[in-house]
Amino acid sequence: MLGGALAAVVSLVVVLAPAQAVEEDGYDLWLRYRPLQQASQVQQQARSISYAGKASPTIQAAIDELRRGLQGMTGKVPASGTSVADGAIVLAKAGALPQGFKADGLAALGPEGYLLKSATVNGKRVTVIAANEDIGVLYGAFGLLRALNTGKALAAIDERSVPKLQLRVLNHWDNLDRTVERGYSGQSIWNWWELPDIRERQYVDYARANASLGINGTVLNNVNSKAEILTAPWIAKVAALADVLRPYGIKVYLSARWSTPLELKETKTADPLAPEVAAWWRAKADEIYRTIPDFGGFLVKANSEGQPGPQDYQRTHADGANMLAAALAPHKGIVMWRAFVYAAEKPDDRAKQAYDEFKPLDGKFAPNVLVQVKNGAIDFQPREPFHPLFGAMPQTPLMMEFQITKEYLGFAMHMAYLGPLFEEVLKADTKQRPNGFTVAQVLEDTDHGQRPTGMAGVANIGSSRTWSGSHFDQANWYAYGRFAWDPQGDSRAFAQEWAMQTFSREPQAVTQIVDMMMRSREAVVDYMTPLGLHHLMDTGHHHGPGPWVDNLGRPDWNPTYYHKADKKGIGFDRTATGSNALAQYAPGVAQRWADPRTTPEELLLWFHHLPWDYAMPSGRTLWTELVARYDRGVTEAEGLRARWEKLKPLVDGRRYDEVAQRLDTQVREARWWRDASVAYFQSVSGLPLPPGARKPERTLEQYKAIKFPYAAGHH
Ligand code: GCV
């Protein structure tokens, strides 16, 4: 008999051999469908796929995916047909359910929900995927495959799932020349030049991946938009993509540039109240819908960061949004109007400006307009308090905008699983109602019946073989999709599902990977912007530290504007003695955050300017605590690297190496962030390093001299 430890090693090798043998490049995402341990059992339970009617392209996509997935997981391709035999997976729609199958509450699942149920029908053991519409069946097929892929037993399956938001949308910041603003995953996946003639296979795989999460919309082009996208040749390209995505339940949308008719010289003005402008947009909408009958609508960035907008004509955001909404309404299209506005000319705290602009417009938007609000009031920082507009515009549908691409969290070079960031914001209590009102509840908007609801995620998808620039960045796309389906979801559960499908079902591997993921975002917060600091990234490209930058054209683009460090202290006073941004929150929140003693430490310097010797709850001074946080971030980054090393036997070679290289980079850059920040803040505070703290490796001047004129994602 083998000794215990040796036996364990041998069995580990036997179990893991197949995974290690195959080199993987990540293209399969979480749709890898690797062999199950209980493959032969599942094979018996999934011998055929049955659908009684004529399969639409959507149903066909469901059948194809089930065949692909089951082949991968059981080693055998199931037959497909119309008969219901023992071991069939039965796809069924309301009105055509298998005889004797009771689908209680099917109607309540709506057009996109589904149920999965193991049942006996006419004496046959089957698994039913039931839904009201074809798209529900497709989502159900993906749900079933996910269940199997994450080790659930088919025989006991009994699940129902309904999306809690209507619009679950990706925002591509993709330019027409195939560059991607804040994109770190190669070029745009839209090969605009070759469209509409060439329809790449990757578009179908994109659709599959999104449908597997329930993402049902995609804005194809950058919010910093160009007029050309709305001309006939480009509409034809967009139509080709819409054709590919349609069977997967994904509608296309476009970012519209406010001044399009003027720039195309087809009107004399872009004033939203000018009849010729409204007529132009009506005609444009008609033209688009003639080519793309299910076109989703427009996303608009107006009067923000130099983009044109209705305010150029002394009109409001509501005037602008409603004019576009009127053009789209006859076609059931919608407008997603962004609240990300701030003006350099305004001396007021940038964090306050969106609220100040939009709150007075509550109730003034047309019913097919949603106001799209970033998760926080500044700009996708590693940590921000929730945006004060959530819960503050009860008469207006608000949708969330998260950034999946990591503009401010180390691009695709650093591991930072964003699930906890999304969850933290969604679970935050706005206290706009006496019994609590979380951001997730604001988005779900269950009180208002049919009002549109939604979530947008700025995509991290590109032409890179890994899709997302790195293997672990795929998890951010995944988690975004799962939260868009269920904003009350759990980031750890999503990480676990993702890890099992993407890397390994081996419990040891899953535990390690999930733990790494769950710690990774906090590590980034610590080594970049601890204790509520924000926007300290270097100029323009936002790669690496630049807390010293104070010479940009606009004050609110300078890191010094955000940390306000001087000889005496550090932090942005947003209480009544400062910008009073706090007054934009409900009293229950504002009161708690008005006092540094009751402000969560993670947000301390977001709301308070405090002396360097301020006594922290840990007993340390603020200065000592700040350095300790930077150090903790570095230690955590080193820990990620060390843990990955342990996973070497459990992960295929290529992906192991690719992740290892990035983690090495992350450790190096975490130290750089820590050293440069400590050197800078020390130069401002004049304080000695806390006892035992390591001296920065280089001088402040050396850190300041580091430049990246060709950084990724910056144009
Ligand atoms: C698309 C930030 C980014 C910009 C981005 C902008 C926005 O400022 O740095 O690249 O522009 O947000 O969300 O509109």
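**View 1. Where helix α11 meets helix α13 in this predicted model.** Gly419, Phe422, Glu423 and Leu426 of α11 are in contact with Asn476, Ala479, Tyr480 and Phe483 of α13, where contact means heavy atoms within 4.5 Å. Both helices are DSSP runs (H or I, at least four residues; strands are E, at least two), numbered from the N terminus. Helix α11 covers residues 419-427 and helix α13 residues 474-485, and they pack at an angle of about 25° with their axes 9 Å apart; the axes are lines fitted to C-alpha atoms over the stretch in contact, and angles run from 0 to 180 degrees between N-to-C directions. That angle makes α11 roughly parallel to α13, because angles under 35 degrees count as roughly parallel, over 145 as roughly antiparallel, 65 to 115 as roughly perpendicular and the rest as oblique. The residues of this contact divide into 5 nonpolar, 2 polar and 1 charged, where Ala, Val, Leu, Ile, Met, Phe, Trp, Tyr, Cys and Pro count as nonpolar, Asp, Glu, Lys and Arg as charged, and the others, Gly among them, as polar.

**View 2. The pair of helices α19 and α20.** The axes of α19 (residues 622-646) and α20 (residues 653-685) come within 9 Å and cross at roughly 170°, which makes α19 roughly antiparallel to α20. The contact of these two helices has 17 nonpolar, 4 polar and 8 charged residues.

**View 3. The surroundings of the ligand.** The ligand is surrounded by 15 residues, and the closest are Glu181, Lys301, Arg338, Lys374 and Glu407; a residue is near the ligand if one of its heavy atoms lies within 4 Å of it. By class, the shell has 4 nonpolar, 3 polar and 8 charged residues. A polar side-chain atom of Lys301 lies 2.6 Å from an oxygen atom of the ligand, and for a polar side-chain atom of Asp379 the distance to a ligand oxygen atom is 3.0 Å.

**View 4. Two loop residues, Pro196 and Lys265.** Pro196 is in the loop between β7 (167-171) and α5 (201-213), and the peptide bond from Leu195 to Pro196 is cis, with omega near 5°. Lys265, in the loop between α7 (260-263) and α8 (275-291), has a positive phi of about 60° although it is not a glycine.

Residues are numbered from 1 along each chain as its sequence is written, and side-chain values use heavy atoms, with hydrogens and water left out. In this predicted model, local features need pLDDT of at least 70 and side-chain atom pairs count only at pLDDT 80 or more, whereas totals for chains, interfaces and linings use all residues.

Terms used:
Polar contact = N/O pair within 3.5 Å; in protein donor to acceptor, adjacent residues only side chain to side chain.
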